[in-house]
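Let's take a walk through this structure together. Keep the sequence and the 3D view open as you read.

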Amino acid sequence: MKSQMAVAGAIIASAGIVSGASASEVTIGGYTFDLGQFAGASVNYRTNADGGQVTFDGKLWDNAVGVDGYTIGELAAGQFGSDPGDQLSLNNRSTPDWFTLNFAVDLAVGGPANDTFVFYEITSSSSGVDVEGTSWQISFNGGAFYNASLGTATFLNFSGLGVENVNQIAFDLTDFGLSVGDLLTSVTVRNLDTGSSTSDPDFIFGGLEGTLNVVPLPPAAWAGLGLLGTLAGVRAVRRR
């Protein structure tokens, strides 16, 4: 499927259409992300006026792995590449803080190449996933909340790069209420009250692995280019 997606991207780019293929791809911990999925994306979060304690801090991890400008904090702060803003921290546990990542372009779920949503969360651990790393809950498309511990958590050691280590937590969307062919429109995360002062998740990046996102030209423009047939073909590939 990855090769098919690459071909589709080449067709789209040649037609002069804005697409995920025009953005760079980045591979982190075995997952490859098309950064085009974040075009126009936004983040809502619990405000201080509502009792929230969400904070933003600058980090170096995003620069080291190639996602500067695409982290949760940067999307929330509207900073796109400037610091601080790389990290978004959920500090209030008694009445949990939360944030929602909203995609401007719906992301088609089509496994196995792009059915996994992956979060990266900064950890102070130097040896493995810590309790804090899964002390939060996640919801897709405004549905039921699931404990992050149900995802597949992996510790990634970046100490050799001189930046923060992270917990990589992957969610196979077909195990969390979505099916192949469904569209992913939003992801919400909220903190948990674990009774521990260490439960303050620090998120820096989250995205759907292997996505290809297309923002098509208006129908009239397609007709003028004589490419309606190509569009149908691209859509068919995207839905596989």
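**Starting at a serine**

The backbone oxygen of V131 lies 2.7 Å from a polar atom in the side chain of S135. That is a polar contact, meaning a pair of N or O atoms within 3.5 Å; within protein, one must be able to donate a hydrogen and the other to accept it, and residues adjacent in sequence count only if both atoms are side-chain atoms. You'll find S135 in the loop between strand 8 (116–123) and strand 9 (136–140). Helices (H or I, at least four residues) and strands (E, at least two) are DSSP runs, numbered from the N terminus. S135 is buried, with a relative accessible area of 5%; buried means under 20%, exposed means over 50% and partly exposed is in between (1.4 Å probe, protein chains only). Leaving aside neighbours within four places in sequence, S135 is in contact with N191, L192, T194, S199 and P201, where a contact means heavy atoms within 4.5 Å.

Before going further, a word on what you're looking at. This is a predicted model, in which local features need pLDDT of at least 70 and side-chain atom pairs count only at pLDDT 80 or more, while totals for chains, interfaces and linings use all residues. Residues are numbered from 1 along each chain as its sequence is written, and side-chain values use heavy atoms, with hydrogens and water left out.

How confident is the predictor? pLDDT is its confidence in each residue, from 0 to 100. The protein chain has a mean pLDDT of 81, with 78% of its residues at 70 or more. Over residues 1–22, though, the pLDDT is below 50, and this stretch has 42 contacts in the model beyond near neighbours in sequence. Residues 227–240 also stay under 50, and for them the model has 24 contacts beyond four places in sequence.

Now for the whole chain. It has five helices and 15 strands, and buried residues make up 47% of its 240 residues. Among contacts with a separation of 6 or more, 77% are between residues 24 or more positions apart.

What sits in the middle of all this? A nonpolar core is a set of buried Ala, Val, Leu, Ile, Met, Phe, Trp, Tyr and Cys residues joined through side-chain atoms within 4.5 Å. The largest one here has 47 residues, and those with the most contacts inside it include F117, F119 and F140. Strand 8 gives the most to this core, with five residues. Take F117: not counting residues up to four places away in sequence, F117 touches a list of residues including L101, F140, F171, L184 and L208.

Rings of Phe, Tyr and Trp (its six-membered ring) pair if their centres lie within 6.5 Å; planes under 30 degrees apart count as stacked, over 60 as edge-to-face and the rest as tilted. The whole structure has 21 aromatic pairs. In one of them, the rings of Y146 and F176 have centres 5.0 Å apart and planes at 85°, so this pair is edge-to-face. The pair links distant parts of the chain, 30 residues apart: Y146 is in strand 10, and F176 is in the loop between strand 12 (165–172) and strand 13 (183–191). Y146 is partly exposed at 24% relative accessibility, whereas F176 is buried at 7%. Both belong to a cluster linked by ring pairs, along with F99, F117, F119, W136, F140, F171 and F203.

Most residues other than glycine have a negative phi. N141 has a positive value, near 55°, and lies in the loop between strand 9 and strand 10 (145–147). At 33% relative accessibility, N141 is partly exposed.

S89 is in strand 6 (residues 87–89) and is buried, with a relative accessible area of 2%. The side chains of S89 and Q87 are joined by a polar contact of 2.7 Å. S125 lies in the loop between strand 8 and strand 9 and is buried at 13%. Beyond four places in sequence, S125 touches D130, F155 and N165.

Notes:
pLDDT is the predictor's confidence in each residue, from 0 to 100.
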